[in-house]
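These are my notebook entries on a single structure. I set down what I looked up and what I found.

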Amino acid sequence: MNIARVARVLSLPLCALTLALAPAIGCTGDEVAAPGEQVDAKNVRVTAADLAKLRDGETLKVDLGASDVLYHFYFDRALDYGKIALQLEDGSEALMSTALADLLASPYSPHEASNKSFVLTARAENLSGLTAQEIEILRNDGMLVKERIPGGVGDAKPLAEDNCITQIVYQTIYVNGQEVICELKILICDGEMACSDVKEFDGHDYVFCNHAKSWDAATAYCDKFNMNLVTINTINEEGWLHAMANMFSTQKWWIGYNDQAVEGSWVWQSGESSNYVNWAPGEPNNAGGNEGCAQLNRFYPDHGWNDEPCNLHYRFICESN
Ligand SMILES: [Ca+2]
Ligand SMILES: [Ca+2]
Ligand SMILES: [Ca+2]
């Protein structure tokens with residue numbers, strides 16, 4: 001993934017803003033900045049509630065001029081774009097409502113783009129004079145603005161070959177009555193945000209999907225985010241996964257281990273070979289002759305895997321390569 005290109009600084013007056021991310025999970029004390037501390041936010045989810053907290057005359061300043069990269073935004077609904085000040089490459093500043101007047105006046109508007117990935121560029125010429133055809137391209141791609149290149153509208157740069165971007169967002173939480181800011185990493189592929197923020201362990205990324213799917217559907221979901229169902233390689237990884245998963249739910253979680261191809265021949269969906277196993281006593285038992293997929297939490301809080309029918313719907317964990 002081309003993370004570096006999108007991880008640029010957005011100047012944000014956090015004293016006046018509370019950034020929200022739903023679902024609000026996984027915000028732990030070790031990621032916390034001091035209350036009131038200025039934080040350089042990079043790619044931020046902005047909500048109407050955030051803008052509502054600005055006082056009269058205050059604007060959210062978005063420094064597009066910091067570099068030539070595009071900026072992705074997630075707005076949860078149509079906002080008061082008059083409260084967002086875009087700072088452009090040439091040093092000029094324009095309210096978003098003015099800079100995007102063409103777009104806002106067209107049938108395609110941020111109302112329509114809500115909950116999609118949209119992109120702003122630093123170049124003033126990209127922000128005005130959009131043709132109907134260009135607007136149609138934006139609609140198709142769920143974008144507000146794409147970079148213009150000679151001869152037309154180019155592909156949005158931060159959408160790397162795998163169509164995934166990683167964003168750092170900041171969320172205000174309250175610890176012992178104190179407002180603190182924590183950093184969350186979110187993964188967005190093809191305009192869809194992964195089911196949890198991204199957790200990191202030993203150089204790998206994980207997302208914890210706290211909604212139930214069949215094993216095959218869970219695998220397909222992970223694949224959409226260029227991940228696999230989790231491979232548990234070590235006791236340390238399992239300890240971390242177990243603790244993390246059970247913060248979401250103590251119900252059963254699919255892992256990538258399965259013997260669907262050859263009964264009794266257990267392999268990891270990722271293709272990794274790993275000697276580590278941790279079956280619960282008496283498992284795998286292929287009960288009913290139809291248990292081809294492994295899950296955690298057979299008897300929470302005990303660790304121990306159990307094979308179960310793959311068409312059952314359980315929560316699941318995805319892991320990066
Ligand atoms: Ca692993
Ligand atoms: Ca089996
Ligand atoms: Ca079993």
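**Entry 1: a term I need.** I call a residue buried when its relative accessible area is under 20%, exposed when it is over 50%, and partly exposed in between. I also note at the outset that this is a predicted model.

**Entry 2: disulfides.** A disulfide is a covalent bond between the sulfur atoms of two cysteines. How many disulfides does a search of the whole structure find? The search finds three.

I looked at Cys195 and Cys209 to begin with; a disulfide joins them, with an S to S distance of 1.9 Å. The torsion about their S-S bond is about -65°, so this disulfide is left-handed. Cys195 lies in the loop between strand E12 (192-193) and strand E13 (199-201), while Cys209 lies in strand E14 (residues 204-213), so the pair ties together parts that are 14 residues apart in sequence. By the cut-off in Entry 1, both Cys195 and Cys209 are buried.

I then turned to Cys222 and Cys318, which a disulfide joins at an S to S distance of 2.1 Å. The torsion about this S-S bond is about -75°, so the disulfide of Cys222 and Cys318 is left-handed. The pair links distant parts of the chain, 96 residues apart: Cys222 belongs to helix H6 (residues 215-224) and Cys318 to strand E20. Cys222 has 0% relative accessibility and therefore counts as buried. Cys318 is buried, with a relative accessible area of 0%.

Is the disulfide between Cys293 and Cys310 left-handed or right-handed? The torsion about its S-S bond is about 100°, so the disulfide is right-handed. This pair also links distant parts of the chain, with Cys293 in strand E18 and Cys310 in the loop between strand E19 (306-308) and E20, 17 residues apart. I found Cys293 and Cys310 to be buried.

**Entry 3: strand E16.** I looked up strand E16 (residues 253-258), where six of the six residues are buried, so the strand is largely enclosed by the rest of the structure. Which strands pair with E16? Three bridges join E16 to strand E18 (residues 293-296) in the antiparallel sense, and here Asn258 stands opposite Cys293. With strand E20 (residues 314-319), E16 pairs in the parallel sense over two bridges, and Trp253 stands opposite Arg315. E16 and strand E17 (residues 267-268) run antiparallel and are joined by two bridges; the bridge partner of Tyr257 in E17 is Trp268.

**Entry 4: calcium ion (ligand 1).** I listed the donors of this ion as Thr231 (O), Asn233 (OD1), Glu237 (OE), Glu237 (OE), Glu319 (OE) and Glu319 (OE), at 2.2 to 2.7 Å. Along the chain they follow the spacing T-x1-N-x3-E-x81-E. The six donor atoms subtend angles of 51 to 143°, so the arrangement is irregular. Thr231 is buried, with a relative accessible area of 0%, and Glu237 counts as buried at 4%.

**Entry 5: calcium ion (ligand 3).** Its protein donors are Glu283 (OE), Asn285 (OD1), Glu291 (OE), Asn306 (OD1), Asp307 (O) and Asp307 (OD), 2.2 to 2.5 Å from the ion. The donor residues are spaced E-x1-N-x5-E-x14-N-D in sequence. Why is the arrangement around ligand 3 irregular? Six donors count as octahedral if opposite donors are over 155 degrees apart and all others between 65 and 115. Around ligand 3 the angles run from 70 to 146°, which makes the arrangement irregular. Asn285 is partly exposed, at 40% relative accessible area, whereas Glu291 is buried, at 10%.

How values were computed
Residues numbered from 1 in each chain as written. Chains lettered and ligands numbered in written order. Predicted model: local features only at pLDDT ≥ 70, side-chain atom pairs only at ≥ 80, totals over all residues. Heavy atoms only, no water. Donors = N, O, S within 2.8 Å, 3.2 Å for Na, K, Ca; no water. Tetrahedral: all angles 85-135°; square planar, octahedral: opposite > 155°, others 65-115°. Buried < 20%, exposed > 50% of the residue type's maximum accessible area, 1.4 Å probe, protein only. Helix = DSSP H or I, 4+ residues; strand = E, 2+ residues; numbered from the N terminus. Pairing = 2+ DSSP bridges. Disulfide = S-S within 2.5 Å.
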